[in-house]
Amino acid sequence: MPEGDTVLRTARRLHAALAGRTLLRSDLRWPTLATADLRGQVVEEVAARGKHLLLRTDAALTLHSHLRMDGSWHVVRTGDRRRVRSAEGVRAVLTTEEWTAVGHRLGMLDLVATADEGSLVGHLGPDLLADDWEAGGADAQPHAGLDAQPDAVPRSQGGAGRALSALQADPAREVGDALLDQRLVAGIGTFWMSEVLFLRGHSPWAPVAAVDLAAVLALARRAMRLALEAREPVQTTTGDTRPGRNRYVHARSGLPCRRCGSTVRVAPIGVGPHARSAFFCPSCQPGPRPTDDGRAQPPLGHDRRGGAAARRRGTSPYA
Ligand SMILES: [Zn+2]
């Protein structure tokens, strides 16, 4: 599932192929964009914000896309029609003289004035992969093992400080759910949430107040930056990029934990329509479990602070 590192890698690839070039053709296969035509516009840049992609043109327009569960953008040589024609689920085709970008199975596609981008991404919290995340400078030891003790994150500066404040504002919230709420910190999806909480030994259902959030965020950023800069576009927390061996717990429910041999489990986390899957090892991640503990439960469909407002805007707090 595309998370912040995958989206930023995609933005860089699209930027390299399209920026500074004129669109000779645009084909947006989306109900609300049937009449939109970007032909003749020059692509100025392609940027990422959390899990959102923003392609800006010299007509002060932004083509916004979100990959959701299994969307992707591919770049092919213009004239190579095979992938464009044969692939099901093509939602967007942007053609320049040299390169053509093809969007498959996109979860969202919008065209807005660049000045109005806030209506689509204004709800996002600090971007975990942004350059200003640590106002103090570059991350130390970017290639240290993921098991190494993460460096402390400055609490008052840059995106890190703001994300910490936002996450700590609801100290009773389950940490796994909070990390997925893009309004608090943008870029983390279920893969990095499950893996980073495993590496730090926290139950995804632990209250935020019981977790060293600075360490969790620092580790998430370090792991995602490694994935971003790696030659192969494979997310790994084990150091192994082979399929199935690149993770400790995510999508490994029913299999033995790589550390202790206990059976890895999965359960929904979060409430209402936005519940996601959290994978965890019951032995390596002590703490609260996903069981009814008798506390008052929010009604079905309730999705916590700001949820109703987010739905009215048509955005999910987890998007
Ligand atoms: Zn274990």
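**Exercise 1.** Is Cys-257 buried or exposed?

*Solution.* Start with how the model is described. It is predicted: local features need pLDDT of at least 70 and side-chain atom pairs count only at pLDDT 80 or more, while totals for chains, interfaces and linings use all residues. Residues are numbered from 1 along each chain as its sequence is written, and side-chain values use heavy atoms, with hydrogens and water left out.

Next, take the cut-offs: buried means under 20% relative accessible area, exposed over 50%, and partly exposed in between (1.4 Å probe, protein chains only). Cys-257 has a relative accessible area of 5%, so Cys-257 is buried. Cys-260, at 40%, is partly exposed.

**Exercise 2.** Find the donors of the zinc ion and name their arrangement.

*Solution.* Donors are N, O and S atoms within 2.8 Å of the metal (3.2 Å for Na, K and Ca); water is not among the atoms, so sites may look incomplete. The SG atoms of Cys-257, Cys-260, Cys-281 and Cys-284 coordinate the zinc ion at 2.2 to 2.4 Å. Along the chain these donors follow the spacing C-x2-C-x20-C-x2-C.

Now check the angles. Four donors count as tetrahedral if all angles lie between 85 and 135 degrees. Here the angles are 98 to 113 degrees, so the arrangement is tetrahedral.

**Exercise 3.** Explain why helix H6 is largely enclosed by the rest of the structure.

*Solution.* Helices are DSSP runs (H or I, at least four residues), as are strands (E, at least two), numbered from the N terminus. Among the buried ones are Phe-191, Trp-192 and Phe-198.

Then look at the surroundings, where contact means heavy atoms within 4.5 Å. The buried residues of H6 pack against helices H1 (4-18), H5 (175-180) and H7 (213-229), and against strands S9 (265-269) and S10 (276-280). Just after H6, Gly-201 has a positive phi of about 75 degrees.

Technical notes:
Four donors count as tetrahedral if all angles lie between 85 and 135 degrees; four count as square planar and six as octahedral if opposite donors are over 155 degrees apart and all others between 65 and 115; anything else is irregular.
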